[in-house]
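I opened a new notebook page for this chain.

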Amino acid sequence: MKKTLLFLLISFFAVLPAMADGPAISFKNKTHDFGTIKSTKGAVSYEYAFTNTGDKPLVIVNVTNGGCGCTTPEFPKEPIAPGKTGKIKITFNPEGRRGEFRREVKVKTNVSSKRESLRFNGVIVP
């Protein structure tokens, strides 16, 4: 009986966000490891895929790069319809750097005031 009640309670809270009105963003992956890259081989890029799992259009308001100047984000400027997908592309330039790196970009949407964090890392060799 307790297990059944616990299962129902967990199921309810798992489904609750999906029942909310408005847009919702769900990323396929929020992290990426570039592995070992050479500082002289130029910039590297990765695309973070997402889906609007809500019932209203999703708007990516802004994507900020943390201020290092080595990361350039690209994101859709048009609203993403419910059930549709999109991509946020980050380009990291390792020129003049070496060693381990860990960076993140912050994604502001019309979902809430909370920003989503997308992280990436790797090692730069000369």
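Predicted model: local features only at pLDDT ≥ 70, side-chain atom pairs only at ≥ 80, totals over all residues.

**Entry: strands 7 and 8.** Nine bridges hold the two together, and they run antiparallel.

**Entry: strand 4.** Strand 7 (residues 99–109) also pairs with strand 4 (residues 60–64). I noted four bridges, again in the antiparallel sense. Here threonine 64 has lysine 106 of strand 7 as its bridge partner.

I then went through two of the pairings. Strand 3 (residues 44–52) and strand 6 run antiparallel and share eight bridges. In that pairing I found tyrosine 48 opposite isoleucine 88 of strand 6. Strand 5 and strand 6 (residues 85–92) are antiparallel too, with four bridges. There threonine 72 faces threonine 91 in strand 6.

**Entry: two faces of strand 5.** I stayed with strand 5 (residues 71–74) and asked which residues lie on its covered face. They are Thr71 and Pro73, while Thr72 and Glu74 make up the uncovered face. I wrote the general rule beside this: side chains in a regular strand alternate between the two faces of the sheet.

**Entry: aromatic rings.** How many aromatic pairs does the structure hold? I noted six. I took phenylalanine 34 and phenylalanine 120 to begin with: they are edge-to-face, 5.9 Å centre to centre, with 85 degrees between the planes. This pair links distant parts of the chain, since phenylalanine 34 is in strand 2 (residues 31–38) and phenylalanine 120 in strand 8 (residues 116–125), 86 residues apart.

Then I looked up phenylalanine 92 and phenylalanine 101. This pair is stacked: the centres are 4.4 Å apart and the planes 15 degrees. Phenylalanine 92 is buried, with a relative accessible area of 0%. Phenylalanine 101 is buried at 4%. I put the four names together at the end: Phe34, Phe92, Phe101 and Phe120 form one aromatic cluster.

**Entry: a charge over a ring.** I checked phenylalanine 75 separately. The charged end of lysine 77 sits over its ring, 3.7 Å from the centre.

**Entry: the whole chain.** The chain has one helix and eight strands. In sequence order I read the pattern as α-β-β-β-β-β-β-β-β. Of the 126 residues in the chain, 30% are buried. The accessible surface is about 8200 Å², and carbon and sulfur atoms account for 56% of that. I also looked up contacts between residues at least 6 apart in sequence: 65% of these join residues at least 24 apart.

Definitions and conventions. Residues numbered from 1 in each chain as written. Heavy atoms only, no water. Buried < 20%, exposed > 50% of the residue type's maximum accessible area, 1.4 Å probe, protein only. Pairing = 2+ DSSP bridges. Contact = heavy atoms within 4.5 Å. Areas by Shrake-Rupley, 256 points an atom, 1.4 Å probe, with all protein chains shown as cover. Phe/Tyr/Trp six-rings, centres within 6.5 Å; stacked < 30°, edge-to-face > 60°. Lys NZ or Arg CZ within 6 Å of the ring centre and 35° of its normal.
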